[in-house]
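Trainee: Please take me through the pockets of this structure, with a close look at what lines them.

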Amino acid sequence: MQPEGWAIKLTKLLDSSFSDPELRYPVNVSALALEYTRTVFPESPIKKVIGENLDGFEGALVPSPSGRFWGILYDASQRPERARFTVAHEFGHYLLHRNLKPDGFSC
């Protein structure tokens with residue numbers, strides 16, 4: 001699926017789950033990534049989203065040593081809005097490219 005397809009699919013999921021805009025926004029991207037991948041990709045879900053003080057990059061999608069699970073790291077010094085963007089960006093790498101780059105990404 002292309003990026004636009006994933007965006008439409010996840011937007012429809014969120015719209016059907018949250019009828020009240022007060023609850024819908026801002027999107028809890030970390031919870032979305034964890035729950036969606038646990039449900040839809042149980043063979044290789046994202047298990048952790050962790051904020052750390054990162055040196056030289058803003059975020060990363062990393063496989064576990066076994067290669068069975070994934071994690072998202074983001075720079076904890078980012079503003080909350082930017083951190084959500086970074087987590088969403090890495091979630092996008094998971095959805096689009098994890099099978100092409102099994103060693104992960106750092107951005």
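**The pocket linings**

Mentor: Helix 1 contributes the most to the lining of the largest pocket, with six residues. This is a predicted model, where local features need pLDDT of at least 70, side-chain atom pairs count only at pLDDT 80 or more, and totals for chains, interfaces and linings use all residues. Residues are numbered from 1 along each chain as its sequence is written, and side-chain values use heavy atoms, with hydrogens and water left out.

Now the terms. On a 1 Å grid over the protein atoms alone, a pocket is an open set of points where a 1.4 Å probe fits, with protein on both sides within 12 Å along at least five of seven lines; lining residues have an atom within 4 Å of a point. Helices are DSSP runs (H or I, at least four residues), numbered from the N terminus.

The largest pocket has a volume of about 320 Å³, a volume being the space filled by probe spheres set on grid points joined across faces, edges and corners. It has 15 lining residues, and Trp6, Ala7, Leu10, Ala88 and Phe91 are the closest to its centre. Helix 1 (3–17), helix 3 (29–40) and helix 4 (80–97) each supply at least two lining residues. By class, the lining has twelve nonpolar residues, two polar and one charged. Nonpolar means Ala, Val, Leu, Ile, Met, Phe, Trp, Tyr, Cys and Pro; charged means Asp, Glu, Lys and Arg; the others, Gly among them, are polar.

Next, the second largest pocket, at about 250 Å³. Of its 14 lining residues, Leu14, Phe18, Asn28, Ala31 and Leu32 lie nearest its centre. Here helix 3 gives the most, with five residues.
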